Amino acid sequence: MAKAEENVYTLASVREDLIRQEDTIIYGLIERAKFPSNSHTYDEKYAQIPGFSGSLVEFVVKNTEDVQAKAGRYTNPEENPFFPENLPPTSVPSYPFSQFLHPGAASININKSVWKMYLRDLLPLLATSGDDGNYAQTAAADLSLLQAISRRIHYGKFVAEVKFRDAPQDYEPLIRAKDREGLMKLLTFASVEETVRKRVEKKATVFGQEVGLDSDNDGKGKSKFDPTVASRLYKNWVIPLTKEVQVEYLLRRVD
Ligand SMILES: O=C(O)C(=O)C[C@]1(C(=O)O)C=C[C@@H](O)C=C1
């Protein structure tokens with residue numbers, strides 16, 4: 001959650017926020033796994049939308065972002081659109097979001113990589129093959145999951161700012177030397193990453209299980225999706241991309 005006041009982010013508070021965001025991502029995985037792959041959703045040749053060239057998922061994401069931009073979504077520095085080109089300005093009164101980040105943060109948006117990873121890597125792991133015709137609903141599930149993953153990854157900007165403020169003397173020389181590898185090493189906590197992966201898989205197991213009234217049967221039924229998909233998502237893409245955002249942010253931090 002964005003904070004209105006200055007200096008309210010700490011390493012503990014941003015980590016807590018990341019933990020809460022895990023829930024949103026796992027619910028998003030469950031919601032998308034409800035539908036089969038529905039490949040027409042992603043097929044540019046299938047969608048014949050007058051005045052629009054692209055797939056159905058692009059149509060839903062672009063148009064929803066347009067509405068949400070007018071409603072003020074992107075005035076929050078935690079939010080980054082997938083299609084920033086030609087987005088309308090907000091039409092609502094502004095909220096005094098914290099100016100915690102360095103202004104360079106605004107130029108970091110790695111949603112092109114998030115989008116590619118989602119379609120190419122995650123969906124084949126998550127969705128069973130098949131077609132039930134629910135393409136609009138599928139695209140809507142894709143959108144909320146994409147937004148949750150994107151928010152988590154770009155939250156790396158806040159994590160990096162906190163780390164920089166905690167130890168500028170360690171970060172500044174590496175930033176000035178543009179030492180990406182050194183920065184990556186300094187911001188990495190292998191044991192935290194392992195805890196995150198394990199917790200995510202546990203949450204996915206718990207949230208994905210059938211709940212009955214007979215507690216003896218809880219957890220015995222079929223899971224709503226394979227919980228290892230959640231931990232693989234984090235291990236292979238979410239954590240590495242969050243770290244990439246941190247490095248990009250730090251490189252702009254002393255400009
Ligand atoms: O908690 C941190 O320190 C983070 O930078 C977040 C995160 C993550 O993406 O979960 C990324 C890098 C660290 O190695 C550990 C965890």
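This is a predicted model: local features need pLDDT of at least 70, side-chain atom pairs count only at pLDDT 80 or more; totals for chains, interfaces and linings use all residues.
Against which helices do the buried residues of H3 pack? Residues are numbered from 1 along each chain as its sequence is written.

The buried residues of H3 pack against H1, H4 and H9, where helices are DSSP runs of H or I with at least four residues, numbered from the N terminus. In H3 the buried positions are Val114, Met117, Tyr118, Leu122 and Leu126, a residue being buried if 20 or more other C-beta atoms, placed from the backbone, lie within 10 Å of its own, exposed if 12 or fewer, and partly exposed in between. Helix H3 is kinked by about 40°, with the kink centred on tyrosine 118; the bend at a residue is the angle between axes fitted to the seven residues ending there and the seven starting there. The end C-alpha atoms of H3, which has 16 residues, are only 20 Å apart, short of the 22 Å that a straight helix would reach at 1.5 Å a residue, the expected span being 1.5 Å times one less than the number of residues.

The largest nonpolar core contains 40 residues, and Leu29, Val114, Ile149, Ala230, Tyr234, Val238 and Leu250 have the most contacts inside it; such a core is a set of buried Ala, Val, Leu, Ile, Met, Phe, Trp, Tyr and Cys residues joined through C-beta atoms within 7 Å. Two or more residues of this core come from each of H1, H3, H4, H5, H6, H7, H8 and H9, and H9 gives the most, with 10 residues. Beyond its neighbours within four places in sequence, valine 114 is in contact (C-beta atoms, placed from the backbone, within 7 Å) with Leu146, Ile149, Ser150, Ile153 and Leu241. A second, separate core of 7 residues includes Ala47, Leu56, Val57 and Ala139.

Asparagine 86, in the loop between H2 and H3, has a positive phi of about 60° although it is not a glycine, and it counts as exposed because it has 8 C-beta neighbours inside 10 Å. Lysine 178, in the loop between H6 and H7, likewise has a positive phi, near 50°, and is exposed, with 9 other C-beta atoms within 10 Å.

Note on methods: Two residues are in contact if their C-beta atoms, placed from the backbone, lie within 7 Å.
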